[in-house]
Amino acid sequence: MANRRRVHYLPAMSLATTLSQAQLRNHFHACAFVTGPSEERAVIDPFFVEGMRRGEKAVYIVDPEHREEHEARLAACAPSPDLLEVTTWNDAHLKGGSFDQERMMGALDEMIREHAASGRAPMRLVGQMGWVFSSPPGIEQLVAYEASVNEVLNRGKTPTVCVYDVRRLSGRLVMDLLRAHPLTVMNGVLHENPFYTPAEKMLNELQHRRAMS
C-alpha cells in the first residue's frame with residue numbers, strides 16, 4: 001500500500017475576545033484589517049479607552065493630515081493628558097523621508113524601555129499603515145519588519161496593533177502580513193492567527209524570493 005501523506009491541519013483560533021478586553025501573554029503584535037476610518041475607530045478607540053482607564057498610556061501613530069482630529073477625539077476620553085500621545089508616521093515609520101526597519105525597531109525598543117523604566121503600566125501602541133501606499137523608499141522592507149518586530153514587542157510586553165485598509169491591499173500582501181503577525185483582529189475580536197509563521201522562517205522565505213526575482 002502506498003504511503004499516505006500526513007495532513008497537518010491548522011489549529012482552531014482561540015483567544016477570541018474583544019481587542020479592548022484582551023489579556024495578552026505570549027504574543028503582543030496584532031494586525032487589524034479594516035474597511036475604512038469608521039471601522040478603525042470602532043476597533044481602536046475602545047482598545048485605547050480601556051487601556052487608559054487602567055492607567056496604560058495610548059500611543060497612536062497616524063496620518064499627519066488627521067492627527068489633530070484623532071488627538072481631540074481621544075483626549076476627550078483620557079483620564080489625564082499624559083496617558084495619550086498622538087504622533088504621525090512622518091515622525092515614526094517615515095522619519096527622514098524613508099522607511100528603515102532597523103531604525104524603526106530601534107526607536108520602538110528605546111521608547112518601550114524608557115516607558116518601562118518609569119515604572120508605569122505597559123503602553124498600548126497602534127500604527128496606521130496607510131503610508132505604505134505611497135511606496136516610499138524602503139517599502140520593500142515592510143514584511144521583514146512586521147515579522148522581525150515581534151521580538152521587540154514581546155520583550156517589552158507591549159500590545160501593538162498595525163491597522164491596514166484591506167481594500168487597498170493585494171491578495172499576496174494580505175497573506176504576507178497575516179503570516180507576519182501572531183495575532184489578528186477581525187470584526188473587533190482578537191484571535192490567535194493560524195497563519196502565523198515564525199520570523200526566522202518568514203525571513204528565509206523572503207530572502208529566497210529576492211534571490212529568485
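Two strands pair if DSSP finds at least two bridges between them. Strands (E, at least two residues) and helices (H or I, at least four) are DSSP runs, numbered from the N terminus. This is a predicted model: local features need pLDDT of at least 70, side-chain atom pairs count only at pLDDT 80 or more, and totals for chains, interfaces and linings use all residues. Residues are numbered from 1 along each chain as its sequence is written, and side-chain values use heavy atoms, with hydrogens and water left out.

Start at strand E3. E3 pairs with strand E5 (residues 124–128) in the parallel sense, over 4 bridges. Strand E4 (residues 84–88) also runs parallel to E3, joined by 5 bridges. Tyr60 shows both pairings. Its partner in E5 is Val126. In E4, Tyr60 stands opposite Val86. From E3 the chain crosses through helix H2 (residues 67–75) to E4, and this β-α-β crossover is right-handed. That is, with the strands pointing away from the viewer, the path from the first strand over the helix to the second runs clockwise.

Now look at burial. Buried means under 20% relative accessible area (1.4 Å probe, protein chains only). E3 (residues 58–62) has 5 of its 5 residues buried, so the strand is largely enclosed by the rest of the structure. Both faces are covered. Ala58, Tyr60 and Val62 lie on one side, Val59 and Ile61 on the other.

A cavity is a set of points on a 1 Å grid over the protein atoms alone where a 1.4 Å probe fits but cannot get out; lining residues have an atom within 4 Å of a point. Grid points are joined across faces, edges and corners, and a volume is the space filled by probe spheres set on the points. The whole structure has 2 cavities of 30 Å³ or more.

The largest cavity holds about 90 Å³. It has 16 lining residues, and His93, Leu125, Tyr145, Thr160 and Cys162 are the closest to its centre. Helix H4 (142–156) is among the elements that supply at least two lining residues, as is E5. H4 gives the most, with 4 residues. By class, this lining has 11 nonpolar residues (Ala, Val, Leu, Ile, Met, Phe, Trp, Tyr, Cys and Pro), 1 charged (Asp, Glu, Lys and Arg count) and 4 polar (the others, Gly among them).

The second largest cavity has a volume of about 30 Å³. Its lining includes Phe33, Glu39 and Met186. Strand E2 gives the most to this lining, with 3 residues. The classes here are 6 nonpolar, 2 polar and 1 charged.

Definitions and conventions:
Buried < 20%, exposed > 50% of the residue type's maximum accessible area, 1.4 Å probe, protein only. 1 Å grid on protein atoms, 1.4 Å probe; cavity = no way out; pocket = protein on both sides within 12 Å on 5 of 7 lines; lining within 4 Å.
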